[in-house]
Amino acid sequence: LVAWAVGEFEYIETTTTKLEKPVTCRVYTLPGLKEQGRFALEITPRILEYFSKIFGTAYPLPKLDHLAVPDFDAGAMENWGLVTYRTVALLFDEKTSDLRFKEHVAATVAHEIAHQWFGNLVTMEWWDHLWLNEGFATWVGTLAVDHLFPEWDTWSTFVVDDMQRGIGLDSLRSSHPIEVPVNDPHEIHQIFDAISYSKGASVIRMLSNWLTVEVFLAGIRRYLKKHEYENATTDDLWNALSEESKVDVREFMNTWTRVIGVPILDVKEADGIVTVEQHRFLSTNDVKTEEDETVWWVPLGVYPKPVSILDANQTLKNRSLSFEAPDGPYLFNKNYGGVFRTNYPPSAIARIGKAILEGSDLVGLSDRAGLVADMASLSKSGHTATNNFLNLVQYYKNEETYVVWELLASRVGEIASIFAENERINQGIKLFQRSLLDRMVNKLGWEFPEGEDYLTSRLRNVILRSAGRAGHEATVAEAKRRFALFIADSANDSILHPSIRQTVFEIVLSQGGEDEFRHVLKYFHAAPKQDQQVIALLALGFVKQPELIAEVQALAISEHVRPQDIFYVLAGLAANHASRRPTWEWVKDNWTTLSNRYKSSMSMLGACVKYPLAQTSDKSLIDDVKDFFEHKDTKDFQRALDQAVEGLSINSAWVEREQQGLSEWLTANKY
């Protein structure tokens with residue numbers, strides 16, 4: 001990939017110090033912005049040096065430039081030696097930026113630099129092998145960020161973010177295999193999704209753990225050396241890894257990359273024996289016999305390791321396996337390295353929950369996060385009752401880590417969101433949330449002390465955002481107080497720290513009216529930096545009044561919002577129960593405008609379909625969506641459309657199935 005960029009730019013530069021041939025690294029921006037590229041510039045030589053070392057091949061060009069592009073469709077593009085970025089993916093201001101953008105910049109820069117090897121030095125043979133580029137760059141980019149910033153605990157975040165995105169999409173019938181045949185140009189952009197990136201990275205992480213990271217990287221070095229300046233396929237990678245490891249990697253990996261879907265492990269206990277059986281996991285929980293023929297090679301990760309499982313990697317190669325039940329609690333998928341869901345019986349969950357409550361070392365950070373993710377997903381699909389998930393959550397009352405709280409907050413919040421039409425359940429879940437969050441709200445407060453560690457700062461925002469959405473009185477009151485002070489003195493960042501600004505905007509907009517809306521809109525128009533505009537766009541969708549919702553919708557396609565930024569507006573509107581149906585109606589009414597606007601960026605058009613429907617449970621919308629698109633050309637966003645309809649079906653089935661059981665649980669537990 002070759003790029004030229006012409007414009008009135010300024011730049012800052014540095015040079016690598018540990019490479020045989022020094023590489024000049026620059027960050028180019030529009031005038032006045034170059035210092036916001038300082039963080040990206042500081043990490044660039046360190047990432048180049050790290051990759052040159054672990055890949056065994058030096059970066060071959062004399063320079064590597066990063067360019068911030070104000071209007072840019074993708075997140076970034078890995079053009080050889082001149083990488084282009086959305087502004088928010090490259091620029092970060094230590095004083096005025098929300099902290100989450102720092103991790104975003106680090107991850108994006110590392111991902112794009114990884115492509116200088118996986119993509120540019122060795123290029124995929126055809127689009128079937130897109131995942132070789134994107135899955136690997138996501139995995140090794142995470143490896144680099146973890147190397148640079150071990151205190152961020154990046155792999156635990158990977159479990160919460162990338163793994164859940166990948167497994168979530170792959171639990172739909174409308175998913176696709178990682179290696180997907182591409183026979184039509186219209187199909188190409190539709191596979192730049194969570195399967196190619198997130199599931200791809202997750203199975204690479206699983207394989208690297210299975211082989212050991214050292215052996216895996218030695219195989220990567222072999223692959224790069226053999227295929228540099230050439231095209232390569234997935235089989236070429238498997239061959240290199242097999243030669244290095246003396247193991248048939250293809251036999252292990254083919255089901256993971258060439259077959260649609262992921263497995264669920266059903267665990268049963270009887271007479272001192274634990275039996276595990278694998279099947280295909282579907283979020284609709286209606287897998288047909290012909291859809292359930294795959295037997296994956298699954299690294300079980302049972303901990304403590306049973307004596308009767310002799311294979312060091314504990315690889316399940318058959319439909320089922322039994323072993324002696326240990327005396328105390330046990331885990332499958334220790335450290336959450338395997339790409340599957342585990343469905344434990346209630347007796348096992350109770351023992352694990354007790355270990356969590358007692359702070360046992362048995363259940364590590366990734367284990368606690370993964371358990372929440374699995375149980376929440378299985379309750380949504382109907383593999384277990386939602387009250388079983390809520391019972392599990394109660395064991396987490398002493399939890400204090402960002403990664404686990406991010407999942408706890410989002411998955412319990414999702415119940416309130418999807419069941420928004422049922423006032424009893426919605427309000428009961430919010431009361432449950434408030435009781436869960438109260439201790440952490442009081443512990444963390446609103447101030448960001450000098451020198452505070454990164455994850456604590458991130459945690460504070462998760463707690464306050466969740467408390468605000470749940471209607472926690474003290475949080476709402478303090479948000480309103482700080483907002484009033486901020487309006488009077490918006491230059492004073494200490495009143496409203498950048499990392500909680502979006503949260504406060506959300507709270508006051510959801511609780512307020514015209515005045516609050518005008519102030520946040522004014523902030524958006526006046527914001528000098530794109531990341532500040534982004535937090536305003538995300539928050540504006542939380543207004544409740546129909547006329548203000550309509551104004552936000554109009555803003556989304558106005559000259560004031562960059563076409564690339566529409567999904568920030570749609571994300572806010574989708575999170576707000578009051579604006580979901582109106583936003584779907586708005587999409588239909590403005591379809592001609594939207595399809596013309598995004599005719600060269602069909603992934604954006606797909607987002608216009610998916611976002612308003614993602615958290616909706618109204619079954620009548622399924623036919624409405626199908627009827628609307630019946631005579632329209634949908635081939636450029638068919639996957640997104642299929643996924644939106646399937647998601648609607650899953651949400652509506654969840655609500656129908658659980659209304660009585662959830663109401664009874666809430667009443668019995670006094671919520």
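Two rings of Phe, Tyr or Trp (for Trp, the six-membered ring) count as a pair if their centres lie within 6.5 Å. In this predicted model, that rule gives 46 aromatic pairs.

**A stacked pair**
- Phe118 and Tyr223 are stacked, with 5.4 Å from centre to centre and 25° between their planes.
- This pair joins distant parts of the chain, 105 residues apart: Phe118 lies in the loop between α2 (100–114) and β6 (122–124), while Tyr223 belongs to helix α8 (residues 213–227).
- Phe118 counts as buried because its relative accessibility is 2%, under the 20% cut-off.
- Tyr223 is buried too, because its relative accessibility is 2%.

- Phe483 has a relative accessible area of 6%, so Phe483 is buried.
- Phe505 has a relative accessible area of 1%, so Phe505 is buried as well.

**A ring cluster**
- Phe118 and Tyr223 also belong to a cluster linked by ring pairs.
- Other members of that cluster include Tyr50, Phe51, Trp117, Trp139, Trp155 and Phe216.

**Lysines over rings**
- Lys102 places its charged end over the ring of Phe39, 5.2 Å from the ring centre.
- Over the ring of Tyr303 sits the charged end of Lys334, 5.0 Å from the centre.

Note on methods: Residues numbered from 1 in each chain as written. Predicted model: local features only at pLDDT ≥ 70, side-chain atom pairs only at ≥ 80, totals over all residues. Heavy atoms only, no water. Phe/Tyr/Trp six-rings, centres within 6.5 Å; stacked < 30°, edge-to-face > 60°. Helix = DSSP H or I, 4+ residues; strand = E, 2+ residues; numbered from the N terminus. Buried < 20%, exposed > 50% of the residue type's maximum accessible area, 1.4 Å probe, protein only. Lys NZ or Arg CZ within 6 Å of the ring centre and 35° of its normal.
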